[in-house]
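Subject: Structure for your files

Hello,

Here is the structure I said I would pass on. My notes follow it.

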Amino acid sequence: MIRSRRRIPGSRTRKELSALSLTMATETAPALNLRTDLFIGGDFVPSVSGKRFATTNPATGETLAEVAEAGSQDLDRAVEAARKAFESGAWADMKPRQRGRILLKAADLLASRADHFGRVETLDNGKPIFESAKIDMPTAADCLAYFGEHADKLYGDTYPARPDA
């Protein structure tokens, strides 16, 4: 079987990604413009304790960002905000097709910024940029799209499992 070697417009080759990996090792954290507080109730907020921890680039040891450290009070705030959002009815009352469109939009946004999110992921954990930008981010976008496409096609049916499952 012959595989197509078509290139997606705007995508980078393995050689270009290898070169990018080398330049990323010296990239500074401020260039990333990261939001580092907790995201609770639709807003970025500091942790209740005010504690933060450093996340570092494993290749250089450089601090990428000081990130808000969540504690049990922050967890309670997040659960309360989620419960309030759920009970307000905005999402629960939304038609499945509308929810699906939102998930599809999220998938499109993630896919369109896969290189950026892949870069952040690679700087944070040391994973090769090719895996982060060309495998992980598209897979995450595909997952969002899958559920977006099925949002109005789920009816609560459960398929029978094998007796030994």
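A residue is called partly exposed when its relative accessible area falls between the buried class, under 20%, and the exposed class, over 50%. Phe147, with a relative accessible area of 45%, is therefore partly exposed. Please keep in mind that this is a predicted model.

Aromatic pairs

Tyr146 is likewise assigned to the partly exposed class, because its relative accessibility is 45%. The structure contains 2 aromatic pairs. In the pair formed by Tyr146 and Phe147, the ring centres are 5.1 Å apart and the planes stand at 90°, so the arrangement is edge-to-face.

Overall make-up

The protein has 5 helices and 4 strands. Their order along the sequence is α-β-β-β-β-α-α-α-α. Of the 165 residues, 22% are buried. Among contacts with a separation of 6 or more, 58% are between residues 24 or more positions apart.

Strands S3 and S4

S3 (residues 52–56) and S4 (residues 63–68) run antiparallel and are joined by 5 bridges. One of the residues involved is Thr56, whose bridge partner in S4 is Thr63. The hairpin made by S3 and S4 has 6 residues between the strands, and Gly61 in this hairpin has a positive phi near 80°.

Thr55

Thr55 is part of strand S3. Is Thr55 buried or exposed? Its relative accessible area is 16%, and the cut-off for buried is under 20%, so Thr55 is buried. Beyond its neighbours within four places in sequence, Thr55 is in contact with Glu62, Thr63, Leu64, Ala65, Val67 and Asp124. With Asp124 there is also a polar contact between the two side chains, at 2.3 Å.

Helix H4

Helix H4 covers residues 114–125, a range that takes in Asp124, the polar partner of Thr55. Does the length of H4 agree or disagree with what its 12 residues should span? At 1.5 Å a residue the helix should span 16 Å, and its end C-alpha atoms are 16 Å apart, so the two agree. The buried residues of H4 are Ala114, Gly118, Arg119, Val120, Thr122 and Leu123. After H4 comes Gly126, which has a positive phi near 85°.

Ser47

Ser47 sits in the loop that runs between strand S2 (43–45) and S3. Ser47 counts as buried because its relative accessibility is 7%. Which backbone oxygen does the side chain of Ser47 reach at 3.2 Å? That oxygen belongs to Lys51. The side chain of Ser47 also reaches the backbone oxygen of Glu69, at 3.5 Å. Setting aside its neighbours within four places in sequence, Ser47 has contacts with Leu38, Ala68, Glu69, Asp74 and Arg77. Of these, Ala68 falls within the range of S4, residues 63–68.

That covers what I have noted so far.

Regards

How values were computed:
Residues are numbered from 1 along each chain as its sequence is written. This is a predicted model: local features need pLDDT of at least 70, side-chain atom pairs count only at pLDDT 80 or more; totals for chains, interfaces and linings use all residues. Side-chain values use heavy atoms; hydrogens and water are left out. Helices (H or I, at least four residues) and strands (E, at least two) are DSSP runs, numbered from the N terminus. Buried means under 20% relative accessible area, exposed over 50%, partly exposed in between (1.4 Å probe, protein chains only). A polar contact is a pair of N or O atoms within 3.5 Å; within protein, one must be able to donate a hydrogen and the other to accept it, and residues adjacent in sequence count only if both atoms are side-chain atoms. Contact means heavy atoms within 4.5 Å. Rings of Phe, Tyr and Trp (its six-membered ring) pair if their centres lie within 6.5 Å; planes under 30 degrees apart count as stacked, over 60 as edge-to-face and the rest as tilted. Two strands pair if DSSP finds at least two bridges between them. The expected span of a helix is 1.5 Å times one less than its number of residues.
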